[in-house]
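Subject: Structure handover

Hello,

Here is the structure I promised to pass on. Please have it open while you read the notes below.

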Amino acid sequence: MSQLITVSPSPHVFGQQSVKSIMTGVIVALVPAFIMSLFLFGIGALVVTSIAIVSCVLTEYLIQRFILKTANRISDGSAIVTGLLLAFNLPSNLPWWMIITGSVFAIGIGKMVFGGLGNNPFNPALVGRVFMLISFPVQMTSWPLPIASRMHYLDAATGATPLGIVKEGLRNGEVMSAIAQQVPDHMRLFLGYMNGSLGEVSAVALLLGFVWLLYKRIITWHIPVVMIATVFGFTGVLWLIDPLHNASPVFHILTGGVMIGAIFMATDLVTSPMTKTGMVIYALGIGIITVVIRVYGSYPEGVSFAILIMNATVPLINKYIKPGRFGKEVKHG
Amino acid sequence: MSTTFAKGGIHPPENKLSAQSKIRDLQIPASVIIPLSQHLGAPAKPVVNKGDAVKAGQLIAKGDGFVSSNIHASVAGKVSKIEETVDISGYKRPAIFIETSGDEWIETINRDPALITSISLTGQEIIGKIGEMGIVGLGGATFPTQVKLSVPRGKKAEYLIINGVECEPYLTSDHALMLEKGEEIMVGIQILKKALNVEKVIVGIENNKTDAISHLRILAQKYPGTAVTGLKVKYPQGGEKQLIQALVNREVPSGGLPVDVSVVAFNVGTAFAVYEAIQKNKPLFERIVTVTGKSLKQPANFRVRIGTQVSALIEAAGGLPEDTGKIIAGGPMMGKAIASPEVPVMKGSSGILLLPETESKRGEIEPCIRCSKCISVCPMGLEPYLLMPLSQKALFDRLEEEKVMDCMECGSCSYTCPASRPLLDYIRLGKAQVGKIIRSRKKPA
């Protein structure tokens, strides 16, 4: 025999999925939502998304090259995913330098300080977003009008989000039946015709992405389904008790960040629990905290905070919630 | 929903290239190398000396201790040397070398192929004879069969399970055997049944072998209490604990044995070897071996004398392909990569797989992205992502707490990991250390 042969421990064959294919799958799953955001917010959506992706990837590259001095891993696509998700959580009229600041913070503080991909406890895109929300509260809460602002970037006409309108109305002592006149109907909310972050508005596009993620076996149904069901159930109970002062559960799951949060942010592999039971507990927590912030807090929306808070509990969940071991109990048939 | 085990599992491409290949006798080699460690337990002690003439079937090494097994010559010839040689395990271990002179078998073996169905021996006699004939589990674990048949005091076997799953990709030796030696397997099952004194038998076969399922189902009609169950194709269904759960829905307790849930399981190949040993007085000195690989000219199933060098099997299947990058003894999931094709076939060798160069290298290791796929595929409910760093950090008490010893090394975690992390490699290292610690604890001070 002339050639050298490889000797290595088993197994000798491997599955097809790679980190890159997972990241690519997530990017593909975000395409429908991106198309809807281009349709609704036009130039602004394109500008904001491009700046966020480029600055996230560049930040990761520069940190790897000059600070960590490690191998360049930007080709795994995870920085592109962070950039996309960050952009999807921003209004489409945000000034470029704020986007860059947020991206540098998301990748730098949210991810690289912990050692890069796989080591960050918090969702980097949400770290960036919340940092921006606190730093630039005015710009981060002025929302371009859909369709009408398609040809505008910084000069887009703005208004409040449906959740903001409800919060404001209730605070002013109005009742839901009156407030409902000022927000889009459920069908328009489902399609995404509302003021909001550029990628979060279209429930239908995000759900298409969900189907893709399930089909590609990138995530399981547990976190999205439980989180949406919790928000629906909790707000549903409040609405049944007092429909005059609480928005309907359908309204709650179709507005704000519930859909994008449940499907794309809470399911971030790195920052979510490892077992199915753990995932259910985590998603339940996110749902409850979201509703508590929306209904009782001062912010109209709470998905980002809820996910970050529950991210912090993941190590604890992983420590105590173990998969069912084989052979624990002896069954006699 | 079709029958299968509950937890984890994967479905790698089946690649059963030699499924249609009839069993062919491989030419008797000019010399054989018969290792003395072909079974789980202590190596056998040689009872022949250099220069002795032996016949096929003659005892050449005696099992040494309770868990050990007899070894017989596989050809007629002269013992040329007894010395250490590298075997499939990669370690240097003692072996008996025989120069072949012919194919004379010892007189006691009945070489008439006619089926003998009546079983004359008693249960105890059967167990004794199986021990004499050097039968070990042919599914790969090579646990001495007579030990498994001796049910410990206070325990009772209720089910006999026959493993015809062959869940490893590529391998077809059990499949071929079930199609061609179904009758003999059925009689072998009756012998095992008598030895164990059980009433209920279930043969488990995966649904990718429908011909074997229907063939054995027809044969089983003659034998009351014997059922043949088709199973959903899922790896590692051939794992003893998984198969028992799939067929009788009982979980073998952690650290326990199948008999703890009143089950004893054997491979179909073992059942056939038992038939030959009891009905034909034939010791275990040949077995069916699949030789396969995508680039191989004629993937095939051969009947091979123990001790035949792997290179002879590859030659008979069309020669070593140019692009070979890895030679594996066994299947692609649990088989051992061998360093040279000159090593001999042993009792536990179910197949020889040649992987092309392109499939022989592992992917670049990336950071763990905590996708939790290793947990969802682990059939034992373990957390490979956690066990690997614990092993790297030598935290052996934590490893033990996390049930590392339950790992059966099926490789589903490493197979699935998108970051190509060497999960099982480190788990094995951890297991070895934890095993040592547990054994040292049991020793009296």
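First, a cut-off you will need: a residue is called buried under 20% relative accessible area, exposed over 50%, and partly exposed in between. Please also keep in mind that this is a predicted model.

Start with A:Leu62. A:Leu62 has a relative accessibility of 38%, so it counts as partly exposed. You will find A:Leu62 in helix α1 of chain A, which covers residues 19-68.

Now the interface between chain A and chain B. On the chain A side, 41 residues are in contact with 68 residues of chain B. About 4,600 Å² is buried between the two chains. Carbon and sulfur atoms give 54% of that area. Within chain A, the residues that lose the most area to chain B are A:His12, A:Met274 and A:Phe326. Together they make up 19% of what that side buries.

A:Arg73 forms a salt bridge with B:Glu364. Their closest N and O atoms are 3.8 Å apart. Between chain A and chain B, 23 residue pairs are in polar contact, with both residues at pLDDT 80 or more. Which elements of chain A give two or more residues to the side that touches chain B? They are α1 and α12, the latter spanning 276-296.

Best wishes

Terms used:
Residues numbered from 1 in each chain as written. Chains lettered and ligands numbered in written order. Predicted model: local features only at pLDDT ≥ 70, side-chain atom pairs only at ≥ 80, totals over all residues. Heavy atoms only, no water. Helix = DSSP H or I, 4+ residues; strand = E, 2+ residues; numbered from the N terminus. Buried < 20%, exposed > 50% of the residue type's maximum accessible area, 1.4 Å probe, protein only. Contact = heavy atoms within 4.5 Å. Buried area = accessible area lost by both parts, 1.4 Å probe. Salt bridge = Lys/Arg side-chain N within 4 Å of Asp/Glu carboxyl O. Polar contact = N/O pair within 3.5 Å; in protein donor to acceptor, adjacent residues only side chain to side chain.
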